[in-house]
Amino acid sequence: PAMLDRDWIAAHIPHQGTMCLLDAVVDWSPTAIRCLARSHATLDNPLRADGRLGAACGIEYAAQAMAVHGALLAGIDDPPRQGYLTSVRAVSLHVARLDDLPGELAITAECLGGDRNVLYRFAVHHGADCLLEGRAAVVLDAQAFGA
């Protein structure tokens with residue numbers, strides 16, 4: 001598929017303005033997605049605290065990649081299913097911060113299975129270096145549970 005840009009992403013996920021952290025979708029399939037981001041290095045990144053962007057913020061980058069994946073799976077005529085990140089597990093942070101890295105970050109998310117409770121494996125890379133990785137559980141259609 002053709003690369004999808006930031007405008008497409010912002011039109012298909014609830015994150016807007018500077019909170020839309022991803023710049024492009026470069027590859028995706030029914031089970032996985034790969035996105036690029038440069039917002040980790042911007043001074044107006046809304047996740048910055050005390051002038052820095054900690055590595056744990058990479059989890060939000062991965063969560064947005066999962067949201068984009070859901071939008072792509074929904075297709076053209078159907079709205080994406082509303083999802084909520086409910087837990088992260090086995091997270092390994094291999095660096096302390098993200099904002100001091102030049103260029104792009106690559107964010108990958110792979111759907112390991114599920115229907116209403118979906119499990120993803122995710123990773124954030126800078127070049128060949130893995131910055132963080134883990135698993136995330138997402139509850140879809142949470143409003144059906146009264147949430």
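Trainee: Is Asn 45 buried or exposed in this structure?

Mentor: This is a predicted model. Read the relative accessible area against a cut-off: buried means under 20%. Asn 45 has a relative accessible area of 5%, so Asn 45 is buried.

Trainee: Where is Asn 45 found?

Mentor: Look in the loop between E3 and H2.

Trainee: What does the side chain of Asn 45 reach?

Mentor: For a polar contact, look for a pair of N or O atoms within 3.5 Å. Here the side chain of Asn 45 reaches the backbone nitrogen of Leu 47 at 2.8 Å.

Trainee: Which residues does Asn 45 touch, not counting those up to four places away in sequence?

Mentor: Leu 21, Ser 39, His 40, Leu 53 and Tyr 61.

Trainee: Let me try His 40. Is His 40 buried or exposed?

Mentor: Buried. The relative accessible area of His 40 is 0%. His 40 is in the loop between E3 and H2.

Trainee: Which backbone oxygen lies 2.9 Å from a polar atom of the side chain of His 40?

Mentor: That of Leu 101. The backbone oxygen of Gly 103 also lies 3.3 Å from a polar atom of this side chain. Leaving aside neighbours within four places in sequence, the contacts of His 40 include Asn 45, Leu 53 and Tyr 61.

Trainee: And how do I read Arg 38?

Mentor: Arg 38 lies in the loop between E3 and H2. With a relative accessible area of 43%, Arg 38 is partly exposed. Beyond its neighbours within four places in sequence, Arg 38 is in contact with Asp 23, Gly 103 and Glu 104. Now look along the chain. Arg 38 and Asp 23 are 15 residues apart, while their C-alpha atoms are separated by 6.8 Å.

Trainee: On to the sheet. In what order do the seven strands stand?

Mentor: Strands of a sheet pair through backbone hydrogen bonds, either parallel or antiparallel. In this model the order is E1-E2-E3-E5-E6-E7-E4. The sheet is open, and the pairing is antiparallel.

Trainee: Which strands stand at the edges?

Mentor: Strand E1 (4–5) and strand E4 (83–93). Each has a single partner strand, so one side of each is left without a neighbour in the sheet.

Trainee: How many bridges join E4 to E7?

Mentor: Eight, and the two strands run antiparallel. To follow a pair, find the bridge partners. Leu 93 has Leu 132 in E7 as its partner.

Trainee: What about E6 and E7?

Mentor: They pair in the antiparallel sense over 10 bridges. Phe 122 has Gly 134 in E7 as its bridge partner. The hairpin of E6 and E7 has two residues between the strands.

Trainee: Over how many bridges do E5 and E6 pair?

Mentor: Seven, in the antiparallel sense. E5 covers residues 105–113, and E6 covers residues 117–126. Helix H2 (residues 58–74) packs on the sheet. The direction of H2 makes about 125 degrees with that of E3.

Trainee: Last feature. How many residues has the largest nonpolar core?

Mentor: It has 35 residues. Those with the most contacts inside it are Leu 22, Val 25, Ile 33, Met 66, Val 68 and Ile 107. H2 gives the most to this core, with seven residues.

Trainee: What is Ile 33 in contact with, leaving aside its neighbours within four places in sequence?

Mentor: Its contacts include Val 25, Val 68 and Ile 107. Asp 27 and His 69 are also among them.

Note on methods
Residues numbered from 1 in each chain as written. Predicted model: local features only at pLDDT ≥ 70, side-chain atom pairs only at ≥ 80, totals over all residues. Heavy atoms only, no water. Pairing = 2+ DSSP bridges. Helix = DSSP H or I, 4+ residues; strand = E, 2+ residues; numbered from the N terminus. Contact = heavy atoms within 4.5 Å. Axes fitted to C-alpha atoms, helices over the stretch in contact; angles between N-to-C directions. Core = buried A, V, L, I, M, F, W, Y, C linked by side-chain atoms within 4.5 Å. Buried < 20%, exposed > 50% of the residue type's maximum accessible area, 1.4 Å probe, protein only. Polar contact = N/O pair within 3.5 Å; in protein donor to acceptor, adjacent residues only side chain to side chain.
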